[in-house]
Each structure stands twice: as C-alpha cells, then as structure tokens.
Amino acid sequence: MPNLGIAIVRQYERGVVFRLGQVRDVREPGLRFMIPLVDRMRKISMRTVTLPVPSQQVITRDNVSIGVAAVAYFRRVDPVKSIVEIENVVAAVSQIAQTTVRNVVGRSLLDTVLTDTETLNESIKDILDKITQQWGVFVHLVELKDIELPQSMQRAMARQAEAEREKRAKIIAAEGEALSAGRLAEAADVIAAHPIALQLRNLQVLGEIAVERNSTIVFPAQFLTSVEALARFAEQQHAQAGRRPDEAAQVQVARAASPARN
C-alpha cells in the first residue's frame with residue numbers, strides 16, 4: 001500500500017514522508033495519501049522506550065571498584081531529527097548512557113553513591129538530555145537500580161554499622177543513667193524533707209515481697225532508725241526514774257522546813 005500512495009499511521013506513530021529522497025512533511029495519525037512511486041514514508045514510534053543500562057565496573061573517587069547498573073526512559077519528540085540526525089537512536093542512547101553513568105559515578109565517593117543516589121540520577125539525566133536533544137530525543141528519567149560491592153567492602157560496612165549501633169546504644173544508656181541519677185537525687189531530697197515517705201516506701205516494698213511469697217528478710221533503714229529511737233527513749237525513761245527518789249526526798253525536806261519557818 002505505501003507504493004500505491006496509501007498509508008495508515010497509528011495513534012502512537014508519526015509518519016515522515018520522503019519525496020525523491022528529501023523530507024517532505026510529517027503525517028499525523030490516520031489514513032494518509034501520498035504520490036505513488038515518488039513518496040516514501042517511515043513511521044516513527046513516539047512511545048516511551050525503556051532502556052536497561054547493563055552493569056559495568058566503575059572505580060569511584062575513593063578507589064573502590066563497584067558494579068553499577070541503571071535504567072533510562074526516553075522518547076522521540078522530533079521524528080525528523082530522530083531519522084535524519086542519527087542512524088540508530090536506541091543504540092546511541094544506550095552507549096551514551098553507559099558512558100555517562102561510568103563518568104558520573106567515577107567522580108563520586110562511595111558514600112555518595114550509596115546515600116545520595118537521587119543527586120546522581122539527576123546529574124546523569126541532565127547530561128543525557130543535553131546530548132540527545134540534537135537527536136530529537138527527550139530523556140524522562142535515569143535510575144541507578146543495582147550497585148554491587150566487593151565482599152570485603154560489605155564486611156567492612158557491616159562492622160561499621162554494628163559499631164555505630166553499639167555507640168548509639170551506649171550513648172542512650174548513659175543518658176538514661178544521667179536522667180535516673182537526677183530523679184534519684186530529687187527523690188532523696190523529698191524523702192529528707194518528709195521522713196514518713198521512706199517508711200511508706202518500705203511498706204510498699206514489703207507488700208510487693210509478700211505478693212511474691214518468697215523467704216527474703218528485709219531490714220529497712222527506717223526500722224533500724226526506729227529501734228535506735230526506742231533505745232534512746234528507754235534510756236531517757238530510766239534516767240528520769242533514777243531522778244524521781246531524789247526529787248521526792250527534796251520535797252519532804254522542803255515540807256519539813258516550811259513549819260519551822262512559820
């Protein structure tokens with residue numbers, strides 16, 4: 001049918017018409033007519049193309065060899081340029097994508113490649129977009145999808161991560177001890193101001209022990225203090241009892257002396 005001057009252009013295609021070897025025009029989707037044996041049409045797909053970038057070995061800025069694979073998404077926006085300016089758009093974009101990925105990753109540190117992937121993706125996309133504009137191609141997105149690390153580097157990173165977790169655990173434990181010491185100091189001040197609070201706390205501990213039904217014997221500090229206070233009270237009573245006979249004799253002497261005075 002193209003030789004008869006009739007062609008059907010699909011919705012996702014554009015037809016570039018060559019008349020005697022020269023670009024005549026671009027035909028939109030639908031049924032299109034041409035001059036038989038004079039015009040030739042080449043159909044160009046305008047759909048987005050998914051282009052995998054195979055894994056390649058790259059040496060980063062800090063001299064670490066890694067394997068990097070990526071994927072690129074692009075589409076043709078100018079049918080004429082995609083035919084006239086370059087022979088094979090897909091092959092050209094694939095090669096330039098591999099080269100750009102290797103250059104951008106090679107200029108970056110390993111930590112940047114692992115943690116700041118979005119910035120690298122944007123840099124690769126900008127470089128590809130500038131180069132492919134002359135081919136009538138627009139690059140939508142470039143993503144690093146696979147980063148292979150050497151086994152020795154994986155073990156070193158695992159040890160580093162473990163050490164970092166231990167560091168955080170020790171810092172959290174130290175902060176907890178500091179907060180606990182502060183709260184204990186505040187509690188000690190409250191108990192010093194209100195001694196009965198310690199006795200109540202001792203009773204609470206005894207209640208908890210009684211629930212567990214074990215044979216632990218507890219001598220609270222307040223109990224010992226109470227014993228000491230009881231001992232001092234007994235000594236005071238004994239001293240007062242020793243002074244009472246002397247006081248009675250003095251009273252009798254005073255009473256005997258009072259009539260004589262009268």
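User: At 0% relative accessibility, does Thr-132 count as buried or exposed?

Analyst: This is a predicted model, and each value here is computed from it. Relative accessibility is read against cut-offs: under 20% is buried and over 50% is exposed. Thr-132 has 0% relative accessibility, so Thr-132 counts as buried.

User: Where is Thr-132 found, and which residues is Thr-132 in contact with, leaving aside its neighbours within four places in sequence?

Analyst: Thr-132 is part of helix α4. With neighbours within four places in sequence set aside, Thr-132 contacts Val-93, Val-137 and Val-139.

User: How do I read a pair of helices, and at what angle do the axes of α2 and α4 cross?

Analyst: Look at the approach of the axes, then at the angle. The axes of helix α2 (residues 89-106) and helix α4 (residues 117-132) come within 10 Å, with a crossing angle of roughly 140°. An angle has to be over 145 degrees to count as roughly antiparallel, so α2 is oblique to α4. The crossing of α2 past α4 is right-handed.

User: Which residues in α2 and α4 meet?

Analyst: On the α2 side they are Val-93, Ile-96, Ala-97, Thr-100, Val-101 and Val-104. On the α4 side they are Leu-120, Ser-123, Ile-124, Ile-127, Leu-128, Ile-131 and Thr-132. Sorted by class, this contact of α2 with α4 has 10 nonpolar residues, three polar and no charged ones.

User: How many residues are in the largest nonpolar core, and which of them have the most contacts inside it?

Analyst: A nonpolar core is read as a set of buried nonpolar residues joined through their side chains. The largest one here has 28 residues, and Ile-66, Val-105 and Leu-144 have the most contacts inside it. At least two residues of this core come from each of β6 (49-59), β7 (65-76), α2, α3 (110-115), α4 and β8 (137-148). Helix α2 gives the most to this core, seven residues.

User: Which residues does Ile-66 touch, not counting residues up to four places away in sequence?

Analyst: Ile-66 touches Gln-56, Gln-57, Val-58, Thr-60, Val-105, Leu-110, Val-113, Ile-147, Glu-148, Leu-149 and Pro-150 under that condition.

User: What does Arg-75 count as at 29% relative accessibility?

Analyst: Arg-75 lies in strand β7. Its relative accessibility is 29%, so Arg-75 counts as partly exposed. Leaving aside neighbours within four places in sequence, Arg-75 is in contact with Met-46, Arg-47, Thr-48, Gly-136, Val-137, Phe-138 and His-140. Arg-75 and Met-46 are 29 residues apart along the chain, and 6.1 Å separates their C-alpha atoms.

User: Which residue other than glycine has a phi near 55°?

Analyst: Leu-20 has a positive phi, near 55°, and is not a glycine. Leu-20 sits in the loop between β2 (13-19) and β3 (22-27). Leu-20 is exposed, with 70% relative accessible area. Leu-37 also has a positive phi, about 65°, without being a glycine. Leu-37 is in the loop between β4 (30-33) and β5 (39-45), and at 66% relative accessibility Leu-37 counts as exposed.

User: How many helices and strands does the secondary structure of the chain come to?

Analyst: The chain has seven helices and eight strands. Of its 262 residues, 25% are buried. For contacts between residues at least 6 apart in sequence, 61% join residues at least 24 apart.

Key
Residues numbered from 1 in each chain as written. Predicted model: local features only at pLDDT ≥ 70, side-chain atom pairs only at ≥ 80, totals over all residues. Heavy atoms only, no water. Axes fitted to C-alpha atoms, helices over the stretch in contact; angles between N-to-C directions. Helix = DSSP H or I, 4+ residues; strand = E, 2+ residues; numbered from the N terminus. Parallel < 35°, antiparallel > 145°, perpendicular 65-115°, else oblique. Left-handed = near helix turned anticlockwise from the far one by under 90°. Contact = heavy atoms within 4.5 Å. Nonpolar A, V, L, I, M, F, W, Y, C, P; charged D, E, K, R; others polar. Core = buried A, V, L, I, M, F, W, Y, C linked by side-chain atoms within 4.5 Å. Buried < 20%, exposed > 50% of the residue type's maximum accessible area, 1.4 Å probe, protein only.
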